[in-house]
Amino acid sequence: MTLTLAERVARTRLGPPSSWLRRNGAVVFVYLLVVVLYAVAASISPAFGRPENLAEILRQSIALGVVTIGQVYVLLGGGIDMSVGMTARVVGLGVAVTMGATTIPPILVIVLGLAVGAAIGLLNGVLITRIGATPFIVTLGMLGVLSGVALAITDGPTDVVPDFFFTMYDAAIGPVPIAVLVFLLIWAAAWFVLNRTTYGRNVYAVGGSADVARLSAINVHRTRTLTYVISGVCAAAAGIFLLSRSGVGDPGLGQGLEFSSIVAAAIGGISLYGGRGSIVGAFGAVLLVTMSSNIFDFLHVNGYFQQLVLGAIVLVGVSVYRTRGRQ
Amino acid sequence: MVAALGLTGCAKEAGQESGGAKPEKVDGVSADLMADADVTVDTSKYKKDGPYTIAALTQGPFNGWGLTWDETVKYEASQNPDVGELLLLPSMGDADGQITSMENLVTQKPDAIMLNPQGRAALSASVSRAMAAGIPVIVCGNNVEGKKYVTYNDVDLYAVGYQAAAKLAERLGGKGNVILMHGIAGVDAAEAWKQAAEDAFAKYPDITIVGSEYANWSVATGKEKATALMAANPQIDGIWSGGSEMATGAMLAFDEAGKPQPAYGVDNPTNGFLRLAQEYGVEFDAFPDPPGTVAKACLETTLKVLKGEPVKKYEAIPAEGFNETNLDEHYVPELSDDFVGPLVLPMEAYIAAGLKRK
């Protein structure tokens, strides 16, 4: 068979189909699961496939999705962030209390909340890179500190937030919530930065091998610290979104987001050792986790089984990736 | 965050918008709930023909309280021809998961939602959204902020906590050293009971609170905390426990240490607490937060709403206290320590649910 020059170039860039599949096995696996789950659920419960339910699934995936973006950056850079759930809680409660006690415009309070998230991430990053402490221990310690801070802010429900926050959650264009459109834009931006900018390539390089990255004149400390700042901002944004969802500052806000985001990243094929994985896969994993929760509710499956099935997906996913890795 | 950011110059004046203000407590009861008990809700707009599809969002059977609740709802629904389908959605204590379930139910459109909320604040907007979608929400077993529901069915949690503390103070003659043990920090019931106990003991100036600890509604953590508090305070005359699991742990700790048992004031007495109280001959006052009674009443109220019958904004469930003198009327030896009384179903239903004492 004779190939044209353009076809030869394309083959050289993409490699043969089997090679492409091996490199993107995780992404294919996740999206295949999403499609299969969707088809099965829609055949059992016709209401599941209605456009308003699909929009609802996307809206329900926002908090986990935004936190997972930050977690993906940190994991790709060779770290881990256990403090994201508590960062979301502290910022959510802080914003709620500030809104209840002051006349500061909501938009300014939101910006301040995001800045607090960035500061928490910066502190994590500095402690990890400058002192050389283990990321897991530092961020776990930060989780403990922030847990106390959250209780100091309030140990009970706060005042109801202004209507502006409800609008953030409820506003829609037709059946599509505006929050979902913003969410998709954030994911697109996160993909662009990771895949089309020098910083994104540096994150992969630092996570793959810090020593090699350093020899390549990459500022390892700055790159890693910035991943934690991104994670802090994402967690803060999730906390503010969760506040708009409940309308009241809740001391239980953000519970378990650290584990859910790590699980989503792992299912999506992000290596927990850094440097490998695709944010596209992580997005699919967020959809998978959210959709499975939605399906279980539609099919009235006990919560125990939800946890069991999610755990099984993680185990199957990790096994598949390890097998492919060895091949 | 306000203080940290130095924004006190923008402090809001009193009286400005504060929709989630803490409910008022007067003389050991929730004054706002007492007022709601006199408010009649017209439910004619929810009236429809049965049999009905009813969604029950529950805590989940991860402890005896939740298991007793779920089994009561399932049994009562199965016996009632007006209930066509029961969609039981246990959240396993996860408020965020429960919000998600509420959102999913708005899409599924059941005839009514029975909600045992896992977060007083967290579920507030979800209740509003379901009501706005035309689905009546009946809240039971914990309240939610904002009162956007049709009706709330429960004991007065604050009053239960207050009375347990006040009875303990009276039993001690208004003086002595007491320790307080609470559930999970930040959780609605734990904080309501904590506030109630502190308010009650504040009326007895000769009672000293020598320790106040969260022990996560766990027997093991309660035992651990009681052991530490015993070491720090040689004289402990009374223990108040917001949820009897911690008091159960404390009884075990005192027994192991070979010390005489103090007097106890507890909320939500489990069968396990009653068994040990009987075995050790403990003096106590207990005030129930009865899952079976509340769950049964909640289903009955839900059916009333769907039939268009008027209900009260707050349907009060009586919570009569008891002590060691009538313990036998409340302890059920056939059932396990996890069971929380009183019995509202036939014994076989509890045994089938796995609550038989082994």
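Q: Is the crossing of α5(A) and α10(A) left-handed or right-handed?
A: In this predicted model, α5(A) and α10(A) cross in a left-handed sense.

Q: And at what angle do those two helices of chain A pack?
A: Helix α5 (residues 62–76) and helix α10 (residues 178–196) of chain A pack at about 15°, and their axes are 11 Å apart. An angle under 35 degrees counts as roughly parallel, so α5(A) and α10(A) are roughly parallel to each other.

Q: Which residues meet there?
A: From α5(A), I62(A), G65(A), V66(A) and I69(A); from α10(A), A179(A), F183(A), I186(A), W187(A) and A190(A). By class, that contact has 8 nonpolar residues, 1 polar and no charged.

Q: Switching to the chains. How many residues of chain A are in contact with chain B?
A: 41 residues of chain A, against 39 residues of chain B. On the chain A side, α4 (51–60), α6 (84–101), α7 (106–130), α8 (135–153), α13 (220–246) and α15 (279–299) each supply at least two residues. The largest share, 5 residues, comes from α6(A).

Q: Now chain B itself. Where are its domains?
A: Domain 1 of chain B covers 44–154 + 291–309, and domain 2 covers 157–287. Their C-alpha centres lie 32 Å apart.

Q: How many residues are in contact between them?
A: 6 residues of domain 1 of chain B contact 5 residues of domain 2 of chain B. The domain 1 side comprises 1 nonpolar, 3 polar and 2 charged residues.

Key:
Residues are numbered from 1 along each chain as its sequence is written. Chains are lettered from A and ligands numbered from 1 in the order in which they are written. This is a predicted model: local features need pLDDT of at least 70, side-chain atom pairs count only at pLDDT 80 or more; totals for chains, interfaces and linings use all residues. Two residues are in contact if their C-beta atoms, placed from the backbone, lie within 7 Å. Helices (H or I, at least four residues) and strands (E, at least two) are DSSP runs, numbered from the N terminus. Domain bounds come from an automatic or database domain assignment. Ala, Val, Leu, Ile, Met, Phe, Trp, Tyr, Cys and Pro count as nonpolar, Asp, Glu, Lys and Arg as charged, and the others, Gly among them, as polar. Axes are lines fitted to C-alpha atoms, for helices over the stretch in contact, and angles run from 0 to 180 degrees between N-to-C directions. Angles under 35 degrees count as roughly parallel, over 145 as roughly antiparallel, 65 to 115 as roughly perpendicular and the rest as oblique. A crossing is left-handed if the near helix is turned anticlockwise from the far one by less than a right angle, and right-handed if clockwise.
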